[in-house]
Amino acid sequence: MAQNAPTPREPHPPRLLRHEDLPRVALAEMNAVHEDEIDMLNELLVLLPQTGTYAEARHALDHRLQALLEHLRTHFSSEEELMRRYGFPVYPIHKGEHDRVRAELEQIIADWQTDGDLSALRHYLYEVFPAWMFQHIASMDRVTALFLAEATQSRG
């Protein structure tokens, strides 16, 4: 009885991120923006395994990467405007982290579009970006949201 040759193993399906797992902050608007980003990231995680096989998936992935980048730009810009308006004391540090991550994502996307290195993109989207996002929300965004919630209430 002849055995079939083993088929190459696909990478494990991604563990999708859940809204319930996100750290919560004192401003509902910030929580909603973070949930939108989780949804966008999950769409990317679902598309990634398909990009090696289907040209349509690669096109969809490119489109979704640009949408995530644009969403982050808008998110960061809005948050930074609030921090400036209300005089958040550590604004330069928080903005610096936004600038670093925005540039990092821009570089990851550029590298993917130039080299087509799916493993680097997969590593960034599965590991690096989600870990950064959860840590950033739990630390910098939590402190920022508390400050902004108090500032907006007192200036009501």
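Me: How many residues does H1 have, and how far does H1 reach from its first C-alpha to its last?

Reply: In this predicted model, H1 has 20 residues and reaches 29 Å from first C-alpha to last. That is close to the 28 Å expected at 1.5 Å a residue.

Me: And which residues of H1 are buried?

Reply: The buried residues of H1 include Met30, His34, Ile38, Leu41, Leu44 and Leu45.

Me: What covers them?

Reply: The cover over the buried residues of H1 includes H2 and H4.

Me: Where is Glu29, and is Glu29 buried or exposed?

Reply: Glu29 sits in helix H1. Glu29 is exposed, with a relative accessible area of 56%. The C-alpha atoms of Glu29 and Ala145 are separated by 9.7 Å, although the two residues are 116 residues apart along the chain.

Me: OK, back to H4. At what angle do the axes of H1 and H4 cross?

Reply: Roughly 180°, and the axes of H1 (residues 28–47) and H4 (residues 118–155) come within 12 Å. An angle over 145 degrees counts as roughly antiparallel, so that is how H1 and H4 run relative to each other.

Me: Which residues meet there?

Reply: From H1 you have Met30, His34, Glu37, Ile38, Leu41, Leu44 and Leu45. On the H4 side they meet Leu125, Tyr126, Phe129, Pro130, Met133, Phe134, Ile137, Asp141 and Ala145. The residues of this contact of H1 with H4 divide into 13 nonpolar, one polar and two charged.

Me: Zooming out, how many helices and strands does the chain have?

Reply: Four helices and zero strands. Along the sequence the pattern reads α-α-α-α.

Me: How much of the chain is buried?

Reply: Buried residues make up 39% of the 156 residues in the chain. As for contacts between residues at least 6 apart in sequence, 72% of them join residues at least 24 apart.

Me: What about the largest nonpolar core, how many residues has it?

Reply: The largest nonpolar core has 37 residues, and Leu61, Leu65, Leu121, Leu125 and Phe129 have the most contacts inside it. H1, H2, H3 and H4 each supply at least two residues of this core. The largest share, twelve residues, comes from H4.

Me: Which residues does Leu65 touch?

Reply: Leaving aside residues up to four places away in sequence, Leu65 touches Leu44, Ile109, Trp112, Leu121 and Leu125.

Me: Now H2. What span should H2 have, and how far apart are its end C-alpha atoms?

Reply: H2 has 31 residues, so at 1.5 Å a residue it should span 45 Å. Its end C-alpha atoms are 45 Å apart, which agrees.

Me: Which of its residues are buried, and what covers them?

Reply: The buried residues of H2 include Leu61, Leu65, Leu68, Leu69 and Leu72, along with Asp62, His75, Glu79 and Glu80. What covers the buried residues of H2 includes H1, H3 and H4.

Me: What follows H2?

Reply: Gly87 follows H2, and the phi of Gly87 is positive, near 65°.

Me: Last one: where is Arg102, and is Arg102 buried or exposed?

Reply: Arg102 is in helix H3. Arg102 is buried, with a relative accessible area of 16%; the cut-off for buried is under 20%.

Me: What does Arg102 touch?

Reply: Not counting residues up to four places away in sequence, Arg102 touches Leu69, Arg73, Phe76, Glu80 and Lys95. Of these, Leu69, Phe76 and Glu80 are among the buried residues of H2.

Conventions
Residues numbered from 1 in each chain as written. Predicted model: local features only at pLDDT ≥ 70, side-chain atom pairs only at ≥ 80, totals over all residues. Heavy atoms only, no water. Axes fitted to C-alpha atoms, helices over the stretch in contact; angles between N-to-C directions. Parallel < 35°, antiparallel > 145°, perpendicular 65-115°, else oblique. Contact = heavy atoms within 4.5 Å. Nonpolar A, V, L, I, M, F, W, Y, C, P; charged D, E, K, R; others polar. Core = buried A, V, L, I, M, F, W, Y, C linked by side-chain atoms within 4.5 Å. Buried < 20%, exposed > 50% of the residue type's maximum accessible area, 1.4 Å probe, protein only. Expected span 1.5 Å × (residues − 1).
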